[in-house]
Structures are given as structure tokens and as C-alpha cells.
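Q: Please take a close look at the aromatic rings in this model. Which rings pair up, and how are they arranged?

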Amino acid sequence: MFKFYFLFVIYFILTVSDARVPPITRCKQADNDCIVKSANEVYPYMVGGILEYDIPPASPIELKNYNSQFDKMSFTVSNLKASGLDKIKIEKIIRDPGASTLEIVLQAPILAKGKYEANGELLSVPIKGNGDLEISIDNIAIDATAKYELLERDGKKYYKINDYTFKYDITDYNKLNIIITNLFDGDKEKAEAVNNIINSSKPILVAGIAEPLIKDFIDILVRNHIQKLFQNLPAEEMEIA
């Protein structure tokens, strides 16, 4: 009996609004290459949203407002929406039944748009403004490890994610862009100086400006999509003989 057929495969299968899903490749439990291949075959058919499970569409998603105190600057972000979950590529899956863990390595782009308000100093340069914010990351590598358990409810067993950890890496900072408008009430000369600093200091700025949205992006995938699926789908429906 092959149990716990990779959670992302199930996630992708069940987040299609069109029932015309291609045949799913059946894999042995230890055949991670097969599971990855199968997940990526189903992936293009993901549309997003399972109304009866209260799972929202995969893209776009709404991210939390946040305030980042970075360098000597206060940077507040609101009304943030992001896309990218619909372009995920799974690269590796490692399941450890003894430890009840599942490691997933994937690649994804992120495009986030919202509003910002900034005030203070950025790398010794005064900065002030409020307006539109756009953060685009061409590719981010995510390595997440989830700790799960099996619970019984109404005579059926369900998987539950108790916790997870992750790390990420931006593979090419030249393809990361942070665009902020209306700096210094539209003063082009001052705005250009700040944008030059942003473009030349991307690795430093990610921690202060982009990292909160990256964390929320990953948390939404785990908490709002995968966990809600597990709450509603019995484990026996994820088992393949």
C-alpha cells in the first residue's frame, strides 16, 4: 500500500476547477523521482480554489500588512497582493515516515504589488514617500520541511501539519526588482538617487523590505492551502494501492 502520496500532488489535483485532469502517474513510496514527475505533470492544470474546503485561489493571494524597521528607516507595506503559486516547479521530495517529516524543494517566481510608506534614512540617504510598491523576484528556491501527524475524527484519519521550517535563496539578484513610486512627493532627482541605491543594494534590502512578504507567501501555501486540504480530505483518499 502506497500511503501519503505526496501532498503537493493531491493539492494540485484538487485545486483545479476543470474536472478534465490528465491521468495521474502512480508511484511507489520510495520513488521520489516518479512522485516529482507526477506532481509536475498535474501542476499546469492547477487553477485554484476549492470552495467547499474553504481553500482560496492559489493566485493572486493577499499578503499581510507589515512594518519593517530597517537601517534607520520605517517601511510600511499595505494592500499587498502576490502571484507566483501558479508557477511553482517542484524539484525534490524527501519523506521520512519514521520522523513524520516531509521535505519539499521547489522553485517559484513572486510578483507582489501594494502600497508603501517610507520615512527615515536608507544607507545614510534620507528617504520619504508613499505610493505604489512592486517587488518582482524572477526565481526563488524554497526548501520547506513539514512535521505532520495522523489524527482520527469521526472514524476516519486525517493528516495534520503541526509545524514547518523553511529556508530560501534568491538565485539571481539581477532579476529581482523593487520599484517604489512617489518618493519625495515626486521629486525626480531625489527619487532617482534612492532608486540607484535600491538597485545597487538588493541583497541587503531583501532582508528589510522583501523578506516579510516571502515568509507570508510560503505560510499561505502551507497553512491556507495544504493544511485546509488535510482538514477536509481523509487520509484513505490520499492512499494509492
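Predicted model: local features only at pLDDT ≥ 70, side-chain atom pairs only at ≥ 80, totals over all residues.

A: Start with a rule: a charge sits over a ring if NZ of Lys or CZ of Arg is within 6 Å of the ring centre and within 35 degrees of the ring normal. R153 lies over the face of Y158, at 3.9 Å from the ring centre.

Residues are numbered from 1 along each chain as its sequence is written, and side-chain values use heavy atoms, leaving out hydrogens and water.

Now the ring pairs. Rings of Phe, Tyr and Trp (its six-membered ring) pair if their centres lie within 6.5 Å; planes under 30 degrees apart count as stacked, over 60 as edge-to-face and the rest as tilted. The count comes to 2 aromatic pairs. F75 and Y116 are stacked, because their centres are 5.7 Å apart and their planes at 15°. F75 belongs to strand β3 and Y116 to strand β5 (residues 101–122), so the pair ties together parts 41 residues apart in sequence. Strands here are DSSP runs (E, at least two residues), numbered from the N terminus.

Y164 is buried, at 12% relative accessible area. F166 is partly exposed, at 28%.

Finally, confidence. The chain's mean pLDDT is 79, and 80% of its residues reach 70 or more. Strand β3 (residues 72–83) has the highest mean among the elements, 91.

How values were computed
pLDDT = per-residue confidence, 0-100. Helix = DSSP H or I, 4+ residues; strand = E, 2+ residues; numbered from the N terminus. Buried < 20%, exposed > 50% of the residue type's maximum accessible area, 1.4 Å probe, protein only.
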